[in-house]
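My notes follow in the order I looked things up.

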Amino acid sequence: MTQGDLQLLFSHPERPHRSVLSVYLNVDQSHRSNSNRGFEKQLKNLTSSIRSTIHDAPELEGFRAAAHHIEDFVSAYEPRARGLVMFFDGTDGFFWHQEIGVPIHTQARWDRELFLQPLANALDQFERYGVVLVDRARLRLFAVFLGEIEEFTREGFGPNAQLRRVIKDVDWLVQTKQVHWLVLAGASEITSELRGMLPKRLALRVFGAVDVAIDAAARDVLSATRAIADEYERGTEAQTVKELVGAAGRNEKTVAGLGRTLKAINSDRVWELIYSEGLASPGFECVKCAALFSQEKTSCPYCGGSVDPVSDVVERAVEHAVRKGAKIEVVTGEAAASLYNVGGIGAFLKARTASIRA
Ligand SMILES: [Zn+2]
């Protein structure tokens, strides 16, 4: 999956009527319920339960076509990953699918827009990082994304190569594989020597080092680095929530609480949306301009359109924020608990254009 694939998803428009079927299917073959293609049966159960809620004839026809498309795809699918994500939009026949290597909860939505929240959460929790595995004679480079590890071959690294040569290759990894974070791997005296030699642009990306044998299997490199990546993610979450809670109400650059956060999303002011894992709340959405509200309105204050209830306005908020290019940070554990003290959701806002110009 590339940045371009995601851009395609994240810019997909909201439709005037329900035409989008989104499916997250857990296909993990270590789960007994998924063996003997049990995931196909689970998909059928999901689609038939949605079908029973549709009473409008043209909509039902659209749903049957969408369900048929996805069921057909799954019937030919050979499970290799842990999860399969699929979107079908009957408005233009758009179809997107992706296997992912992280655990997902089986669920489906029939709606006016792509159901992106679980994918956005997974992207945040399993952020892309690079691994630089090195000893005196060899260098191995990897990229980890959504629980999958990929190794890249680089030419010209031999017994006489200097650590200096490593820097060139690490730059290559960062630039061509869109790796924001790096883990150094190998014997500790070599990784610490390497860390000391890295130019600042690379050193700032290193979030840890781990002792791994140079000829380790890729899956062992993945599990050794996964643990420190998780720990790093938890630390980032705690820091982010601390900043948000500390700043909320004191300056114009942050908001906290559902109502204020929705207002910031509606006016496209969110730079990063932060919310506690599991937060959900019923709310309202303008049928015309898609503005979101935590409380019912007689009409939309932005465009005068009518306002419909939505079962989970948090889910909608994530989708809208993603589409407007905001970063998403879902926080877990203790960070989630402390964010709940200010409503479970908040945002860092974009710098105001006016103040930049001033
Ligand atoms: Zn509106």
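I began with a term: a nonpolar core is a set of buried Ala, Val, Leu, Ile, Met, Phe, Trp, Tyr and Cys residues joined through C-beta atoms within 7 Å. The model is a predicted one.

**Entry: the core**

I looked up the largest nonpolar core and found 92 residues in it. The residues with the most contacts inside this core are L21, V132, L273, A317, V318 and A321. Helix α10, residues 313–323, gives the most to this core, with six residues. I then followed A321. Leaving out residues up to four places away in sequence, A321 touches I265, V270, L273, A326 and I328. As background, I noted that nonpolar side chains tend to be buried together in soluble globular proteins.

**Entry: the whole protein**

I counted 12 helices and 16 strands in the protein. Along its principal axes, the C-alpha trace spans about 70 × 60 × 35 Å.

Next I went to strand β2, residues 83–89. Are its residues mostly covered or mostly open? Strand β2 is mostly covered, with seven of its seven residues buried. G83, V85, F87 and D89 point one way from β2, while L84, M86 and F88 point the other way.

I looked at both partners of β2. Strand β1, residues 20–26, runs antiparallel to β2, and seven bridges join them. There, N26 stands opposite G83. Strand β3, residues 94–100, is also joined to β2 by seven bridges and runs antiparallel to β2. F94 in β3 is the bridge partner of D89. β2 and β3 form a hairpin with four residues between them. In the turn, G93 has a positive phi of about 75°.

**Entry: a three-strand sheet**

Last, I looked up an open sheet of three strands. Their order is β13-β12-β14, and the pairing is antiparallel. Which strands lie at the edges? β13 (292–293) and β14 (307–310) are the edge strands, each pairing on one side only. Strand β12, residues 283–286, pairs with β14 over four bridges.

Definitions and conventions
Residues numbered from 1 in each chain as written. Predicted model: local features only at pLDDT ≥ 70, side-chain atom pairs only at ≥ 80, totals over all residues. Buried ≥ 20, exposed ≤ 12 C-beta atoms within 10 Å, placed from the backbone. Helix = DSSP H or I, 4+ residues; strand = E, 2+ residues; numbered from the N terminus. Pairing = 2+ DSSP bridges. Contact = placed C-beta atoms within 7 Å.
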